Amino acid sequence: LGHEREAVGTALRSVRALPELAPLWSALESGDPGVTREFGLYIHSERYRLSGYADLLWFRDDELWIVDWKTGGSLTSLKREERQNKIRLQLQLYSEPFLSLFSRIRGVAVGIEVTQGRAELILDEPLRGLNENPAE
């Protein structure tokens with residue numbers, strides 16, 4: 001149990017150390033009211049129906065960050081193309097209700113390999129909903 005607890009602590013410190021998330025951590029530490037955890041969403045379209053929670057939304061001026069924590073046994077499996085496409089689709093679905101409200105929506109997925117105490121950004125790209133290519 002001690003080794004597992006240590007691995008979890010190391011993984012959390014790895015997430016905290018990701019430089020791409022530094023502005024988010026600053027916002028959380030300052031009590032920014034634009035940061036919302038576990039945001040409930042219901043998306044209904046012709047092709048998709050999704051009910052769930054976005055792990056974290058950060059409403060910043062004209063930009064929205066949609067952050068999703070992805071835990072798994074292997075960062076390698078989270079970075080496989082098929083898995084990346086599923087993560088991208090999930091984030092695109094999450095962006096749908098906000099497309100008319102924000103000029104920029106950023107989808108961020110953080111891979112967390114708890115057993116090895118590692119974390120890294122596995123996806124970070126603009127989102128434009130389901131009808132357009134999300135990558136610039």
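Leu-64 is in contact (heavy atoms within 4.5 Å) with Leu-57, Trp-58, Phe-59, Phe-98, Phe-102, Arg-104, Ile-105 and Arg-106, leaving aside residues up to four places away in sequence. The model is predicted, so that local features need pLDDT of at least 70 and side-chain atom pairs count only at pLDDT 80 or more, whereas totals for chains, interfaces and linings use all residues. Residues are numbered from 1 along each chain as its sequence is written, and side-chain values use heavy atoms, with hydrogens and water left out.

Leu-64 is also one of the residues that touch the most other members of the largest nonpolar core, a group of 20 that includes Ile-66, Leu-91, Tyr-94, Phe-98 and Ile-105; such a core is a set of buried Ala, Val, Leu, Ile, Met, Phe, Trp, Tyr and Cys residues joined through side-chain atoms within 4.5 Å, where buried means under 20% relative accessible area with a 1.4 Å probe, protein chains only. Helix 4 provides the largest share of this core, 4 residues. A second, separate core of 17 residues includes Val-15, Leu-18, Trp-58 and Val-110.

Glu-63 lies in strand 3 (residues 63-71), strands being DSSP runs of E with at least two residues and helices runs of H or I with at least four, numbered from the N terminus.

Terms used
Buried < 20%, exposed > 50% of the residue type's maximum accessible area, 1.4 Å probe, protein only.
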